[in-house]
Amino acid sequence: MMYAFLRGLMRFLTHTVLAGGLFKVEGVENVPREGALIVAPNHFATLDPPIVPAFMPRADTWNMAKSEYFRRPFLRWLFTRYHAFPVVRHSADRAALRRSFDLLREGHVLVIYPEGTRIDAGRLAQPEPGAGFIAQKSGAPVLPVAVTGTQEVMPKGTIWPRRHPVTLRFGKPFVVQQRRADGTRISHEDASDAIMLAIAELLPPEKRGLYSDTEGVRRRLEGVSSPLAGEVARRAGGA
């Protein structure tokens, strides 16, 4: 009940602040309506973590959030009610990994920010290997997400939001492989790069950062990922 309330509140506040067509959601039809799913967005602003799950067309969405948010009782209560659980950033947090695999095993949605932190520069940076590791080991499909405009709505250090166009764009799900066709093992780093490439292709060119050369990165990562096919893909859009 509390999660539904907080999710609805976030949607209401977003539509209120960004009224007049300033907020757009694209590609909702790409989101599988059931089954395990890893959602991988870029992270340029503080608003990204609350906005992404609020506009996911599924209520069984859970989020990794930095452990610092859980140190104060009220914030711990709030984040927990909004289906977030702590992760110690830039580390192999075994508790967070167990929770992630449990959620995916149960068929839920897991939101992971591959870079492991907010990128204030507003351009994609080097990811942690964790997202690739979870995608490979779980076998769950990955849904890339691009969020643009949130950095201008609430720049770092500000308290009140500003009016600025924001777009939340869901890409098409894909699967990260463990081995290439020739049998060579795919590293967790390459797996994470494949996820970042999919995000980059949804972003404007000036936001792609380390992944600006999408064609070159795509050639380097050939065979690392493949489009989602079969019954799970047909469930996208509620089909």
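I began at Gly139, which sits just after helix H5 and takes a positive phi of about 75°. Helices here (H or I, at least four residues) and strands (E, at least two) are DSSP runs, numbered from the N terminus.

I noted the ground rules next. This is a predicted model, where local features need pLDDT of at least 70, side-chain atom pairs count only at pLDDT 80 or more, and totals for chains, interfaces and linings use all residues. Residues are numbered from 1 along each chain as its sequence is written, and side-chain values use heavy atoms, with hydrogens and water left out.

**H5.** I looked up the cover of helix H5, residues 130-138. Ala131, Gly132, Ile134, Ala135 and Gln136 are buried there. Buried means under 20% relative accessible area, exposed over 50%, and partly exposed in between (1.4 Å probe, protein chains only).

**E6.** I moved on to strand E6, residues 142-148. Seven of its seven residues are buried. In a regular strand the side chains alternate between the two faces of the sheet. I checked each face of E6 in turn. On one side Val142, Pro144, Ala146 and Thr148 are buried.

**Strand partners.** I count two strands as paired if DSSP finds at least two bridges between them. Strand E2 (residues 37-41) runs parallel to E6, joined by four bridges. Pro41 has Val145 in E6 as its bridge partner. Strand E7 (residues 166-170) pairs with E6 in the antiparallel sense, also over four bridges. Ala146 stands opposite Arg169 in E7.

**E7.** I then asked which strand pairs with E7 in the parallel sense. It is strand E1, residues 23-26, over four bridges. Lys24 stands opposite Thr167 of E7. E7 is mostly covered, with four of its five residues buried.

**Ala198.** I found Ala198 in helix H7, residues 188-200. Its relative accessibility is 13%, so Ala198 counts as buried. I looked for its contacts (heavy atoms within 4.5 Å). Not counting residues up to four places away in sequence, Ala198 touches Pro144 and Phe174. Pro173 and Ala198 are 25 residues apart in sequence, and their C-alpha atoms are 9.3 Å apart in space.

**Ser67.** Is Ser67 buried or exposed? Ser67 has 17% relative accessibility, so it counts as buried. I place Ser67 in the loop between strand E3 (61-66) and helix H3 (73-81). Leaving aside neighbours within four places in sequence, Ser67 is in contact with Pro86, Val87 and Val88.

**Whole chain.** The chain has nine helices and nine strands. Its radius of gyration is 17 Å, close to the 18 Å that the globule rule gives for 239 residues, so the chain is as compact as a globular protein of that length. I take that radius over C-alpha atoms, and the rule is 2.2 Å times the number of residues to the power 0.38. The C-alpha atoms fill a box of roughly 55 × 40 × 35 Å along the principal axes. Of the 239 residues, 47% count as buried. Among contacts with a separation of 6 or more, 74% come from residues 24 or more positions apart.
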